[in-house]
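Let's take a walk through a protein together, one stop at a time. Have the sequence and the 3D view ready.

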Amino acid sequence: MASVKTTTPRETGSAAVESRPVAIVLFGSPGSGKGTQAKYIVDWLGIPQISTGDMLREHIRGGDAIGQAIQGRMNAGSLVSDELVNQLVFERIHKPDCEHGFILDGYPRTTAQAEAMRRLLAASRAEEVVIHLVVDYNVIISRISGRRVCPKCGTLYNAVSHPPKTEGICDLDGSRLVTRDDDREEVVRERLTQYENQTRPLIDFFRNTTGRLIEVDASGDGPEQVFKCIQAELKDLVRR
Ligand code: ADP
């Protein structure tokens, strides 16, 4: 399997080249395809996807104290607290499967989260690579409204662009597909407002401070084509 290798410029060319974990930050609005691209990158690089949205939904499904505290905000399309998501990500990236790197999907979403992420990455000496999936607003609305998800394996489908073989049924495990509670139209609008106000401004933070920012047009082409662009940009990360 492919593994991930990054070197700092200082290390390149020296005899003892040291590997550093890579932190791939998938950045983009709701419906930009972060989850779909994350899954391609997982298969390609063999590093785990850390989706804060999935982790939070897991707590809601489990009905624990965290789940009960966040359910109202999530179903209304509002962000949950920075402290909570920072803590969840902190715990997750210290698990052994993150040793060679990880993909952050849906995090950071606020300036406070971006600053916390920087501290975490510095502590684990991870190299940051930001992928910005750029998508037109109207495309986003039509994508999200047709979106269905398998409650068991998390596979995403879309009525128009990626329908299941049998309507309403997951191709992989036969589960009945569902619409996420927060994919209802009025909630989608609130999520997009939150994105515009709290998250989009982070692109300037990344432009000014990250070592590596890749902007990919993710509006028109299919997800495979978007992934090919990402692969071409990141091919130096792979060691066979
Ligand atoms: P999308 O990117 O399509 O909005 P996600 O699954 O990433 O979907 O997020 C769904 C919801 O989970 C958000 O609307 C928000 O309530 C919550 N959430 C996810 N990630 C974060 C985060 N980093 N900070 C705050 N809230 C978050």
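Start at helix α9, where Val 226, Phe 227, Ile 230 and Leu 234 are buried (buried means under 20% relative accessible area, with a 1.4 Å probe and protein chains only). Looking down the axis of α9, you would find its buried residues within an arc of 100°, so they line one face of the helix; the arc is that of the directions from the helix axis to the C-beta atoms.

Before we move on, a word about the model: it is predicted, so local features need pLDDT of at least 70 and side-chain atom pairs count only at pLDDT 80 or more, while totals for chains, interfaces and linings use all residues. Residues are numbered from 1 along each chain as its sequence is written, and side-chain values use heavy atoms, leaving out hydrogens and water.

Now turn to the ligand.

Next, look at some polar contacts, which are pairs of N or O atoms within 3.5 Å. A ligand nitrogen lies 2.9 Å from a polar backbone atom of Gly 106. Taken alone, the ligand exposes 550 Å², and the protein buries 96% of that (Shrake-Rupley method, 1.4 Å probe).

Notes:
Polar contact = N/O pair within 3.5 Å; in protein donor to acceptor, adjacent residues only side chain to side chain. Buried < 20%, exposed > 50% of the residue type's maximum accessible area, 1.4 Å probe, protein only. Helix = DSSP H or I, 4+ residues; strand = E, 2+ residues; numbered from the N terminus.
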